[in-house]
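What follows is a short walk through a structure, taken one chain at a time and then across the contact. Please look at the sequence and the model before reading on.

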Amino acid sequence: MKLGWRLAGTWLGAAIVGIAAFCAIFAPLLVPHDPFAQDIPNRLQVPFWMDGANPDHLLGTDQLGRDYLARLILGCRISMLIGVTVSIVSGLIGITLGVLGGFMGGKVDDAVLFAITTRLSIPVVLVALAVVGLLGSSMILLLLTLSLLLWDRFAVVARSTTMQVRRLDFVDAAWCAGCSRFRILTREILPNIASHLVVVATLEAALAILLEATLSFLGLGVPPPLPSWGLMIAEAKDYMFFSPWVIVIPGVALFVLVLGINLLGDGLRDFFGARARSEP
Amino acid sequence: MLRFLVRRLIVALLVAMTVMVLAFVLTRLSGDLAISIAGPSATQADVDAVRKAYGLDRPLVVQFFDWMGQALTGHLGESFFFKEPVSQLIGERMSVTLTLGLTGLVIALALSIPLGIVAAVNENTALDRVVQLVALLGQAMPSFWLALLLMIVFGLRLGWLPISGTDSWESYIMPGVVLAFSAVPALTRLTRAGMIQAIAADYIRTARAKGLSRTSILLKHALRNAAIPVVAVAAVQLGFMLGGSIVIEQVFALHGVGFLAWESIQKNDFPVVQSVVLVLAVIYVALTMLADILNAVLDPRLRGA
């Protein structure tokens, strides 16, 4: 019973992430219409579950008559791109710092701890908004800013797990065998902390996706006319009191994707945890 | 204990200094500020005049130490747009942000402590699973979207609550709930984990053997011990909430510090932007320091760290 629940959640998460990845990769082939083509006479058409829906536009059209389903699919591509890229780049920064601090100890570790403390004291949303506001919005800048702001959890986890692994017998054995520091770091320590880092990567991807949507919603994220889900909600905000579905559709997409990634992350944590316990 | 306090204070000051440098560099990233302040129709003479008037013709290092020296005495410079001292602008708007942050924290604690206790007492039952599911759903909820949904339902459809402004205490209910949502998952998980650990402890068995009532054991003995990390994290969460309230202040048109920052970013009013970043960071540093000291007072084993 207990395992069944957890497993169902993990599979649900994996399915959501899988569908999102599929949509992201094959977005240009999947879109039913041009996501940028405006059609003012047919603006704000209702989605399929409401009366008077146009079967040509399954999820209706936005305030400029652009097909909502097409924009949603392209928006999925943007969200996934942000999630994957930010967790890779911030992972590189955070893991490097964390492993170095945990492995070297002493002054190096003090410096790493100080960097983590400083990073945590910086208000993320505000600084990201300020950078994009001052430098102008572009995809590259957004990816870079989020990556430079979201490495803290990677560093914290990499540091503490490295400290645990560093003292184990097989690392001592590698020292005795005359392995170089670099070899011990990359061949002995990294593979043994990788499972923890994968879990952090899922959490960071989910966080990056939410942050991008927030910045885009505030008008300082992905530049229009690109259909970021956050931007879709911002553009539809003026119409939400009369046609609530215009903010419900992209919001649900965002919520479900982040939930899916978190479910998958929780599942992976359980999986790696169980494997670690069953090993002698 | 004194050694611990001094060490902690030095680290806090160093962090604040580093954030100051970062905030200063951040606002100079856009290149020539004088050009952006003077506006698109300005002539070269206008730009030069602006540069001179705002002291932007001085070397960056001089500008930085000037700002830092003034900041130490509580002066954060003057806003380009409002033509008022930045410290006064932030001071006027801080009460809205603090009210919002504290409302959010109270709502978050009022939700997550009972949820965490219920989950811990019924560990591994369907009820526990439901609580964990709620935490998971809360984690995935985009706060600005939740804010809009609440506005549609409670503001427009039911007409129970005002959808913007700060005219009455009711204006803080919806923003407070939205802000609380971001902290509920972490605080619930922490309460649950703490309570599970506390319930398994020997002193609970003793209390049970003495024949105390279940409620008394849970609330007087277990919760007191589980509450220590929760209180510490709550202080840190308040810091995050004040930083994150920029989104909620914008959606609900609450004119707090976050709203001020958002306006200033759009107007290139960099003395305000750099100062809000600094003030929020200092508040966060102070809150985490408070949490550490609180922990050290309650648990002497932590003082060595």
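Among contacts in chain A between residues at least 6 apart in sequence, what percentage join residues at least 24 apart? For chain A that share is 70%. The model is a predicted one, and the values below are computed from it.

Read from the N terminus on, the order is α-α-α-α-α-α-α-α-α-α-α. Along the principal axes, the C-alpha atoms of chain A fill a box of roughly 75 × 50 × 30 Å. Chain A has 280 residues, and 46% of them count as buried.

The C-alpha trace of chain B spans about 85 × 60 × 30 Å along its principal axes. Of the 305 residues in chain B, buried residues make up 41%. When contacts in chain B with a separation of 6 or more are considered, 72% are accounted for by residues 24 or more positions apart.

Next comes a pair of helices within chain B. Two packed helices are described by the angle between their axes and the distance between the axes. For helix H5 (residues 86-121) of chain B and helix H8 (residues 173-199) of chain B, the axes come within 6 Å and cross at roughly 35°. The crossing of H5(B) and H8(B) is right-handed. Sorted by class, the contact of H5(B) with H8(B) has 20 nonpolar, seven polar and one charged residues.

The two chains also touch each other. The contact takes 35 residues from chain A and 39 residues from chain B. On the side of chain A that touches chain B, at least two residues each are supplied by helices H1 (2-25), H4 (106-121), H5 (124-135), H9 (181-217) and H11 (245-278) of chain A. H5(A) gives the most to this side, with ten residues. The residues on this side of chain A divide into 26 nonpolar, seven polar and two charged.

The last topic is the largest nonpolar core. It has 162 residues, of which A:Leu126, A:Ala128, A:Leu129 and B:Val276 touch the most other members. H9(A) gives the most to this core, with 17 residues. Which residues does B:Val276 touch, not counting residues up to four places away in sequence? They are A:Leu126, B:Ile90, B:Val257, B:Leu260 and B:Ala261.

How values were computed. Residues numbered from 1 in each chain as written. Chains lettered and ligands numbered in written order. Predicted model: local features only at pLDDT ≥ 70, side-chain atom pairs only at ≥ 80, totals over all residues. Contact = placed C-beta atoms within 7 Å. Helix = DSSP H or I, 4+ residues; strand = E, 2+ residues; numbered from the N terminus. Nonpolar A, V, L, I, M, F, W, Y, C, P; charged D, E, K, R; others polar. Axes fitted to C-alpha atoms, helices over the stretch in contact; angles between N-to-C directions. Left-handed = near helix turned anticlockwise from the far one by under 90°. Buried ≥ 20, exposed ≤ 12 C-beta atoms within 10 Å, placed from the backbone. Core = buried A, V, L, I, M, F, W, Y, C linked by C-beta atoms within 7 Å.
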